[in-house]
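This report describes selected strands, a helix and the nonpolar cores of one structure. The sequence and the coordinates are shown first.

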Amino acid sequence: MSRLFIALFAIAPCMLSLVAMAEQPNILWISCEDISPHLGCYDDPHAITPNLDQLAEEGTRYTNAFTTAGVCAPCRSAIITGMYQNSIGTHHMRCNATLPTWLKPFPMYLREAGYYCTNNSKTDYQFSKPEKKEIWDASGAKGHWKNRPQKSHPFFAVFNFTGCHESGIASESKYKSVTKELVPSQRQNPEDLTTLPPYYPDTTISREDWKRNYELITAMDGWAGDLIQQLKDAGEYDNTIIIFWSDHGVGLPRAKRWLYDSGTHIPLIIRVPEKFQKSLDTPSLATDNQLISAVDFAPTVLNIAGIDPPTYFQGRAFLGLRLSPPREFVYGARDRMDERYDIIRTVRDTQFRYIRNFEPLKPYYQYMNTPEKGATMREIRKMEASGQLDPVMALFSAKEKPVEELYDTHADPSEIHNLVSDPAFSQRLVEMRHALSEWQNKIGDIGLIPEAEIEILEQDAGSRFEILHGTSRDSSVESRLATLVEIATSASDGPTSIPKLFDALESKDASVRYWAATGIGNIGTPAKSTLTRVTQCLDDPSPSVRIAAARAVAKLGSPEEALPVLEAELQSEYQWGRLAAAIVLDEMDDEARPALPSLKQALLDQPNKYIIRVTNRAINELENTTNQVP
Ligand SMILES: [Ca+2]
Ligand SMILES: [Ca+2]
């Protein structure tokens, strides 16, 4: 064995397979925003998408591809890192996490292997280091494979179409601008659409939104066709693997931000040119029904480029040589969406979806600035107010959520018939519940740690991932997570949990004390006997515990004791502590009236727009005003 070979083996094992490969394929990512598989090639009866249909005709259409969240940034952070957002702490929409020093966004491996990597242009990764310039050769509106220094350089080029983002549905001017080049035959008649989901009011207004979704997708299809044509014009079409995907489902209520298929089931089309089908051992299938998660994109791109994915990746390569066994499940997480928290986890196989609501006492539709502006959402609110909701719509306007949801997506593609109490599915329920907690343990899900606590803990831990894992990537997090899951569950369990919650106030773990105080607050008056002890928690060293305790003290009948604590936390150095305090003050409604001056003060010099939104909402409700904030 030559010295050179030994050296290569020692320093760069991941390059060996590259050496063996005849030619590195170019890779083009055509990505877009906020669309479900409303494409002709997915048998949608209305879609007008000739370019993507043609791509699917020449390549493979994946029918079971899912994102890890129902919203842009958490999904995009998982895609670029190859790790679940709730493992590395990029799970809140939006945030800025410190990553472990060993974690490299996957284009960095491609660049090391000689690829020219461009991103045009959305990042939304939820971390600021590594910086864009370390990840990409070029990232921005000018990023393009055409700018590679030499034609012989293989490229990995990403293009993203923002035109079909939810704002294109919600804003008439954006919709008109994005679709301005559509001809009459590419337009839709809202009256004729047969695919409006049953959980939306069937009104002219909702149908207008639904129509816009289709037309925005047609505009996106034209853009995708142009990217494909550019490859053909440059003679690179048969040297380039094309991967088309959306970053999550349609930008409408109970879809975007949610973990149902409506929010996480995405179109995924891949065309592997003939010459790579053999070298990558990927015969071209018209349709592939295997389960795919967006966290698999990173290992898959590295694998087809001939680079062994790093062992810390949490997804699997689904194309190329030496594949591991296919997935049994895909997983997803919902955490803070803009200014409101709601912790939800999901696991899905090819037929069933299981959902675990960790905050079941919160409604599905908490008031949030951005989604409330959409016309369909306003239509739902109107019908809620006038008592016109039919039973299906009423499911998601409920004041509380079930702890668990289970759906048979074959029989019930809209996921509206919860099977949790159906004895025929009890075995399935147990299996899915188990699969979910196994996944949470495996990845070290930090979602049950309050965000202000994460802000504090990441300082010492070095990164958010290392809060649970320590410096070892493999350490077991199971016992700590089990305690958190147990106490978070008890927090929504009602008065029988009072003794357990009371004891948990003594925990050394601030996150456990937080859930204990939150649980006592959830119970309210029947937990009155705990008032003296909970009042002591107003001086807890953790801001998250102080805020949860203040909420509990208010719910136990002493709002005057709670207010000074919450007013002080509104000025906290921890921005997510300020948000948590604002949320409690908003929840207190009229009891928070004495804090009005502090709420108004909190709007000033406030760098975090989410805190402004919640505070503005609280003030609007107290003063009967309709002030708008961005
Ligand atoms: Ca998006
Ligand atoms: Ca309020």
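A residue is called buried if 20 or more other C-beta atoms lie within 10 Å of its own, exposed if 12 or fewer do, and partly exposed in between, with C-beta atoms placed from the backbone. The model is predicted: local features need pLDDT of at least 70, side-chain atom pairs count only at pLDDT 80 or more, and totals for chains, interfaces and linings use all residues. Residues are numbered from 1 along each chain as its sequence is written, and chains are lettered from A and ligands numbered from 1 in the order in which they are written. Helices (H or I, at least four residues) and strands (E, at least two) are DSSP runs, numbered from the N terminus.

**Strand β10 and its sheet**

Strand β10 covers residues 344–348, and five of its five residues are buried, so the strand is largely enclosed by the rest of the structure. I344, T346 and R348 point one way, while R345 and V347 point the other way, and all are buried.

Two strands pair if DSSP finds at least two bridges between them. β10 pairs in the antiparallel sense with β9 (residues 330–334) over five bridges, and five bridges also join β10 to β11 (residues 352–357), again antiparallel. β10 and β11 form a hairpin with three residues between them.

Four strands make up an open sheet in the order β9-β10-β11-β12, with antiparallel pairing. β9 and β12 (404–408) stand at the edges with a single partner strand each, so one side of each is left without a neighbour in the sheet. From one strand to the next the twist averages 15°, where axes are lines fitted to C-alpha atoms, for helices over the stretch in contact, and angles run from 0 to 180 degrees between N-to-C directions.

**Strand β6**

Strand β6 (residues 240–246) is mostly covered, as seven of its seven residues are buried. One side carries T240, I242, F244 and S246 and the other I241, I243 and W245, all of them buried. β6 pairs in the parallel sense with β1 (residues 26–32) over seven bridges, whereas four bridges join β6 to β7 (residues 265–271) in the antiparallel sense.

| Residue | Bridge partner | Strand of the partner |
|---|---|---|
| Y331 | V347 | β10 |
| R334 | I344 | β10 |
| V347 | Y354 | β11 |
| C32 | S246 | β6 |

**Helix α22**

The expected span of a helix is 1.5 Å times one less than its number of residues. The 14 residues of α22 (residues 510–523) should span 20 Å, and the end C-alpha atoms are 20 Å apart, which agrees. Of these 14 residues, 13 are buried, and α22 is thus mostly covered. G524 follows α22 and has a positive phi, near 70°.

**Nonpolar cores**

A nonpolar core is a set of buried Ala, Val, Leu, Ile, Met, Phe, Trp, Tyr and Cys residues joined through C-beta atoms within 7 Å. The largest has 169 residues, and those with the most contacts inside it are A517, A549, A550, L566, A582 and L585. Helix α26 (residues 575–588) gives the most to this core, with nine residues. A second, separate core of five residues includes Y199, Y200, I380 and M393.

Two residues are in contact if their C-beta atoms, placed from the backbone, lie within 7 Å. Leaving aside neighbours within four places in sequence, A550 is in contact with L538, A562, V565, L566 and V584.
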